[in-house]
Amino acid sequence: MADLTCKDLCMTFTNQQSGAKVEALSDINFTLKKGELLSVLGPSGCGKTTLLNMIAGFITPTNGSILLGDRLIEGPGADRGMVFQQGALFEWLTVAKNVDFGLRMGGASEAKSRERVEKWLATVGLQGFADTPTYQLSGGMQQRVALARCLINDPEVILMDEPLGALDALTREKMQSLVLELWKKTGKTIVIITHSVEEALLLGERLFVMAPRPGRIHKEYQLPFAEWGLGRSLRDIKLEKEFSAVREEILTMIWNMEEEIMGGA
Ligand SMILES: Nc1ncnc2c1ncn2[C@@H]1O[C@H](COP(=O)(O)OP(=O)(O)O)[C@@H](O)[C@H]1O
Ligand SMILES: [Mg+2]
């Protein structure tokens, strides 16, 4: 298990037709210690997904490097697991077949992986659903399947791109607690992207607020709320003065960024 380091990371996209360049990310530098929980927040287009896709190895940076321990990331790998927004499961397959997909790709037999599937389904609160067709599940349950599918492969780093964005408020709150629980239980390094200021505050021990044009880390926070959330109701935490103060500060920050974007458009 190892630290994740992004060093001098830049990504410039070039439009094939017009030749116009977009600086999606410029000069990103940080190290995440093993087991750290990072949330990434920022207005649309500031490069959040690009950053995650680069760590996942789906796209190659135009400059800079990403290291997991002393290994250079040059493509996708089993050491990094991804949880996408709702809708990335094989809905026509059973829950078990979705969850053990990675194991079977690795050559494990269905019988052999069954025990591990059951274990992870229990961990995410889906005991007894192994043989249910995935399309029959609610959105929240489907995201539990997505978490189990990721965790069963035992990745070192878990990458989540707005995984709870499509859920209703109550389900979302339950899932936020589950993410914290899994973080504590597994000790994994987690990077979670979100559009929601509250979610970023609740789920990040560290939080990056990103800004666009070029995409960059605008401000970094160290926060106590994720740790608090391991033992307390998230709704209680949201009522704390300390929580509202940071929330207001960040809301204003992003509000001003959006104003600038609109003004400059
Ligand atoms: N494959 C691509 N080709 C061209 N431009 C892209 C591509 N992917 C992302 N971009 C641009 O890079 C910027 C950052 O995008 P993205 O990482 O998706 O932002 P976010 O996830 O924060 O909304 C945007 O301006 C987007 O239009
Ligand atoms: Mg995105």
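How many residues does helix 5 have, and how far does it reach from its first C-alpha to its last? In this predicted model, helix 5 has 13 residues and reaches 19 Å between those two atoms, close to the 18 Å expected at 1.5 Å a residue. Helix 5 is also mostly covered, with ten of its 13 residues buried. The buried ones are Gln142, Gln143, Arg144, Val145, Ala146, Leu147, Ala148, Arg149, Cys150 and Leu151.

The chain as a whole can now be described. The protein chain holds ten helices and ten strands. Its radius of gyration is 19 Å, close to the 18 Å that the globule rule gives for 265 residues, so the chain is as compact as a globular protein of that length. Along its principal axes, the C-alpha trace spans about 55 × 45 × 35 Å. Of the 265 residues, 37% are buried. Among contacts with a separation of 6 or more, 69% are between residues 24 or more positions apart.

Which of its residues are buried? They are Arg172, Met175, Gln176, Val179, Leu180 and Trp183. Seen down the axis of helix 6, these buried residues fall within an arc of 145 degrees, so they line one face of the helix. The general rule behind such a pattern is that an α-helix has 3.6 residues a turn, so residues three or four places apart point the same way. On the other side of helix 6, Leu170 and Lys185 are exposed. The buried residues of helix 6 pack against strand 3 (37–41), helix 5 (139–151), strand 8 (189–193), helix 7 (197–203), helix 8 (225–229) and helix 9 (234–238). Just after helix 6, glycine 187 takes a positive phi of about 65 degrees.

Two single residues show how parts of the chain meet. Alanine 226 is found in helix 8, and it counts as buried because it has 24 C-beta neighbours inside 10 Å. Leaving aside neighbours within four places in sequence, alanine 226 is in contact with Leu37, Leu180, Leu202, Leu203, Gly204 and Glu205. Glutamate 205 is 21 residues away from alanine 226 along the chain, yet their C-alpha atoms are separated by 5.7 Å.

The second residue is threonine 134, in the loop between helix 4 and helix 5. Threonine 134 counts as buried because it has 21 C-beta neighbours inside 10 Å. Not counting residues up to four places away in sequence, threonine 134 touches Leu89, Phe90, Glu91, Leu93, Thr94, Val95, Asn98, Gln142 and Val145. Valine 145 is eleven residues from threonine 134 along the chain, with 8.5 Å between their C-alpha atoms.

Some backbone details come next. Aspartate 8 lies in strand 1 (residues 4–14). Its phi is near 50 degrees, a positive value in a residue other than glycine. Aspartate 8 is exposed, with 12 other C-beta atoms within 10 Å. Glutamate 162, in the loop between strand 7 and helix 6, likewise has a positive phi, of about 45 degrees, although it is not a glycine. Glutamate 162 is partly exposed, with 19 other C-beta atoms within 10 Å. A cis peptide bond joins arginine 213 and proline 214, with omega about -5 degrees. Proline 214 lies in the loop between strand 9 (206–211) and strand 10 (216–222).

The last feature is the ligand. Which residues surround ligand 1? They are Phe13, Val22, Ala24, Gly42, Ser44, Gly45, Cys46, Gly47, Lys48, Thr49, Thr50 and Gly215. By type, this shell divides into four nonpolar, seven polar and one charged. Strand 2 (21–32) and helix 1 (48–56) each supply at least two residues of the shell. The largest share, three residues, comes from helix 1.

Conventions
Residues are numbered from 1 along each chain as its sequence is written. Chains are lettered from A and ligands numbered from 1 in the order in which they are written. This is a predicted model: local features need pLDDT of at least 70, side-chain atom pairs count only at pLDDT 80 or more; totals for chains, interfaces and linings use all residues. A residue is near a molecule or strand if its C-beta atom, placed from the backbone, lies within 6 Å of it. Helices (H or I, at least four residues) and strands (E, at least two) are DSSP runs, numbered from the N terminus. Ala, Val, Leu, Ile, Met, Phe, Trp, Tyr, Cys and Pro count as nonpolar, Asp, Glu, Lys and Arg as charged, and the others, Gly among them, as polar. The radius of gyration is taken over C-alpha atoms; the globule rule is 2.2 Å times the number of residues to the power 0.38. A residue is buried if 20 or more other C-beta atoms lie within 10 Å of its own, exposed if 12 or fewer, and partly exposed in between; C-beta atoms are placed from the backbone. Two residues are in contact if their C-beta atoms, placed from the backbone, lie within 7 Å. The arc is that of the directions from the helix axis to the C-beta atoms. The expected span of a helix is 1.5 Å times one less than its number of residues.
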